[in-house]
Amino acid sequence: MIRFLRQRCSQAVVVLLLVSVIVFGLLHLLPGGPARAILGTHATPTNIAAFNQQNGLNSPVPVQYWHWLTGVLSGNLGFSYVQNESVSSLLAQRLPKTALLAGVSVLLAVLIAVPVGFFQAVRRHRAGDYVVTTVALVLYSTPAFWVGILLIDVLAVRLRVFPAEAPQGSFSALISDPQALVLPVLTITLVTVAGFSRYIRSSVLDELAQDYVRMARSKGASRRVILFGHVLRNAAGPVVTLLGLSLPFIVSGTLITEYVFNYPGIGLLAFDAATSQDYPVILGVVIVVGAATVVGSLLADITHAILDPRVRASAGIG
Amino acid sequence: MSPENVASVLGPEQSTAEAEAEATAGGVWLRAFVRNRLAVTGLVVIVALLLLSFVGPLFYHTDQVHTRLGMETLAPGAGRPLGTDDVGYDELGRLMVGGQTMLEVAFGAAAVAVVLGVLWGATAGYFGGLLDALMMRIVDALLAIPAILLLLFLATVFRPSVLMLIIVVGVTAWLVPARLIRAEALSLRSREYVLAAKTMGVRSPTIIFRHIITNSLGTILVNATLQVADAILLVAALSFLGLGVAPPATNWGAMLSDGLNYTYSGFWWLTYPPGIAIVLTVLAFNVVGDGLRDAFGLDTRRG
């Protein structure tokens with residue numbers, strides 16, 4: 001276990017470093033480089049030259065990278081001249097809101113998808129399985145933003161059950177108005193359930209074909225004991241891995257859902273920044289989301305290793 | 001392939017000997033695919049959408065360049081089966097033109113993603129060791145950054161055209177194929193024929209192309225199909241955010257985004273046709289991909 005932990009953690013550190021190299025590279029991809037990102041689109045070449053001189057941007061690239069990285073590690077993600085606020089304080093305000101939205105939705109998605117996928121596998125190739133599989137496949141093929149729009153069209157515009165816009169303002173304003181959270185949460189949950197239930201269905205089917213099921217059956221164990229005592233427990237293990245693997249997709253879905261419902265999280269922050277060419281903010285969001293994803297998959301892998309000894313044993317291979 | 005699968009693929013009436021003869025003829029997977037009614041329906045839908053987008057405009061002439069003020073947001077009626085949009089373009093004609101850019105970008109991006117991913121994954125898996133570790137960590141790092149954010153950034157830096165979209169979407173989408181092919185290459189590289197080729201002194205690039213990639217063609221084909229579906233969703237999302245192609249060019253995502261402003265006015269013909277077109281196309285490609293995977297007897301779950 002120690003060996004697995006050490007190996008997996010050093011892997012995560014390497015990936016984090018690579019994420020930082022990519023973001024640094026993106027910064028330099030901008031016409032005019034980081035100076036353009038900070039001074040904005042109206043800066044003259046003279047301004048840029050002066051800025052480069054002042055901030056050591058004429059020094060070799062590795063030296064610049066080192067300076068930038070130490071800055072990022074101490075929480076200096078740059079400054080948004082559009083919003084007149086430091087990127088880290090903007091992120092600090094918005095991040096909890098995104099975490100709330102994604103967290104609640106994913107929790108709901110797991111609570112729904114596990115029983116649904118289980119039901120599908122047990123009733124394989126019967127009417128119930130076909131209906132659920134079809135619905136899941138259609139949802140899976142629908143862009144998250146259109147799911148959101150359809151929900152707004154039906155539940156907000158026509159039936160007027162839930163408001164179409166998320167509450168603005170602080171974190172406490174968000175939780176004190178749960179009505180307004182229903183549609184964004186429902187959007188992400190629906191899209192996520194569609195993907196998860198497919199995975200859980202086939203995972204349960206795999207388990208049903210295992211030797212221990214045949215063994216239990218031949219020993220005369222009842223169907224209920226086999227399904228709920230053995231299969232469900234073993235099939236639930238991969239859910240943790242699934243969560244880790246699908247983190248990037250969940251984040252993407254959350255970001256675009258925020259845009260649809262004008263939900264004041266980091267997704268909306270990034271999109272607003274993109275339209276005003278506020279590059280430090282976009283890259284700040286990229287680096288925070290990237291780091292969160294890497295740490296999230298690390299935690300998922302460790303949890304899975306704790307639950308399943310076979311994963312630990314095969315640590316050297318993957 | 002489990003015995004049960006073989007039975008369902010071949011049907012009960014065929015004996016094992018017959019089945020083997022057929023397998024050597026190479027027709028098994030084609031037969032299995034054709035028997036999968038859902039997958040065949042998907043293929044028919046794809047062909048129909050291609051015909052609608054690329055052949056349709058030859059029969060249904062509309063002006064998709066000049067705006068027609070005074071003709072905007074008209075409900076469907078005679079001569080305009082799907083009505084007109086907010087600057088007077090005929091909506092059905094627009095659906096065809098939008099479909100062209102959508103499908104061009106989707107096929108192009110999927111091709112870029114698959115070629116890049118296959119080369120990357122096959123190289124990493126074949127050589128293994130430190131090179132493999134480094135190459136796969138790069139994939140992990142890129143996978144940690146949500147594609148939509150990367151696209152957002154790239155789309156603000158480079159003005160999007162069809163070619164630009166193909167490159168930008170392709171460059172963010174090659175990670176999943178890279179992982180799949182790498183896994184395939186890892187298992188293929190210890191096969192006897194690869195070892196034999198190595199012993200005979202065949203050069204590594206030749207082995208990668210002739211043995212590793214050729215033997216992964218099933219996985220590659222399945223993934224390519226699913227990549228088209230993913231590319232459509234990505235392009236739609238990007239256009240929805242207003243970063244797709246510039247007017248008068250359009251695609252289904254951009255049309256959906258334009259029509260959104262009129263949801264409250266009840267102009268359903270501006271959002272439902274492009275929305276349904278997107279879902280139908282993505283669904284068709286997913287179903288065909290699943291059908292191919294079952295026909296090849298592969299078990300490659302999407303990450």
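**Figure 1. Helix H6 of chain B in the predicted model.** In this predicted model, the buried residues of H6(B) are Met136(B), Val139(B), Asp140(B), Ala141(B), Leu142(B), Leu143(B) and Ala144(B). H6(B) is made of 16 residues. From its first C-alpha to its last it reaches 23 Å, close to the 22 Å expected at 1.5 Å a residue.

**Figure 2. The contact between chain A and chain B.** Chain A gives 40 residues to the contact, and chain B gives 35 residues. On the side of chain B that touches chain A, at least two residues each are supplied by helix H6 (129-144), helix H7 (147-157), helix H12 (217-240), helix H13 (252-260) and helix H14 (272-296) of chain B. Sorted by class, this side of chain B has 26 nonpolar, six polar and three charged residues. For the complex, the predictor gives an ipTM of 0.81 and a pTM of 0.82.

Figure 3. The largest nonpolar core. This core has 160 residues. The members that touch the most other members are Ala270(A), Ile282(A), Leu152(B), Val169(B), Ala231(B), Ile232(B) and Val235(B). Helix H5 (residues 91-127) of chain B contributes the largest share of the core, 17 residues. Leaving out residues up to four places away in sequence, Ala231(B) touches Val105(B), Ala106(B), Ala109(B), Ala110(B), Val169(B) and Ala173(B). Chain B as a whole. Chain B has 14 helices and zero strands. Read from the N terminus on, its elements run α-α-α-α-α-α-α-α-α-α-α-α-α-α. Of its 303 residues, 46% count as buried. Among the contacts in chain B with a separation of 6 or more, 72% are between residues 24 or more positions apart. The mean pLDDT of chain B is 78, and 82% of its residues reach 70 or more. Over residues 1-19 of chain B, pLDDT stays under 50. For residues 1-19 of chain B, the model has eight contacts beyond four places in sequence.

**Figure 4. Helix H1 of chain A.** Helix H1 of chain A covers residues 2-29, a run of 28 residues. It reaches 40 Å from its first C-alpha to its last, close to the 40 Å expected at 1.5 Å a residue. Buried in H1(A) are Ala12(A), Val15(A), Leu16(A), Leu18(A), Val19(A), Val23(A), Leu26(A) and Leu27(A).

**Figure 5. Helix H7 of chain A and its bend.** Helix H7 of chain A, residues 144-158, has 15 residues. From its first C-alpha to its last it reaches 20 Å, close to the 21 Å expected at 1.5 Å a residue. H7(A) bends by about 30 degrees at Ile152(A). Ile152(A) is one of the buried residues of H7(A). Arg160(A) follows H7(A) and has a positive phi, near 55 degrees.

**Figure 6. Arg198(A) and Tyr199(A) in helix H9 of chain A.** Arg198(A) lies in helix H9 of chain A, and Tyr199(A) has its place in this helix, residues 178-208. Arg198(A) counts as buried because it has 21 C-beta neighbours inside 10 Å. Not counting residues up to four places away in sequence, Arg198(A) touches Ala136(A) and Tyr140(A). Arg198(A) and Met215(A) are 17 residues apart along the chain, and their C-alpha atoms are separated by 27 Å. Tyr199(A) is buried because 20 other C-beta atoms lie within 10 Å. Tyr199(A) and Pro238(A) are 39 residues apart along the chain, with 9.2 Å between their C-alpha atoms.

**Figure 7. Asn262(A) in a loop of chain A.** Asn262(A) is found in the loop between helix H11 (223-261) and helix H12 (266-275) of chain A. Its phi is near 55 degrees, a positive value in a residue other than glycine. Asn262(A) counts as partly exposed because it has 13 C-beta neighbours inside 10 Å.

**Figure 8. Confidence along chain A.** Chain A averages a pLDDT of 80, and 92% of the residues score at least 70. Confidence in chain A is lowest in helix H14 (residues 309-313), at a mean of 67. Confidence is highest in helix H5 (residues 87-122) of chain A, at 87.

Note on methods. Residues are numbered from 1 along each chain as its sequence is written. Chains are lettered from A and ligands numbered from 1 in the order in which they are written. This is a predicted model: local features need pLDDT of at least 70, side-chain atom pairs count only at pLDDT 80 or more; totals for chains, interfaces and linings use all residues. Two residues are in contact if their C-beta atoms, placed from the backbone, lie within 7 Å. Helices (H or I, at least four residues) and strands (E, at least two) are DSSP runs, numbered from the N terminus. Ala, Val, Leu, Ile, Met, Phe, Trp, Tyr, Cys and Pro count as nonpolar, Asp, Glu, Lys and Arg as charged, and the others, Gly among them, as polar. The expected span of a helix is 1.5 Å times one less than its number of residues. A residue is buried if 20 or more other C-beta atoms lie within 10 Å of its own, exposed if 12 or fewer, and partly exposed in between; C-beta atoms are placed from the backbone. The bend at a residue is the angle between axes fitted to the seven residues ending there and the seven starting there. pLDDT is the predictor's confidence in each residue, from 0 to 100. A nonpolar core is a set of buried Ala, Val, Leu, Ile, Met, Phe, Trp, Tyr and Cys residues joined through C-beta atoms within 7 Å.
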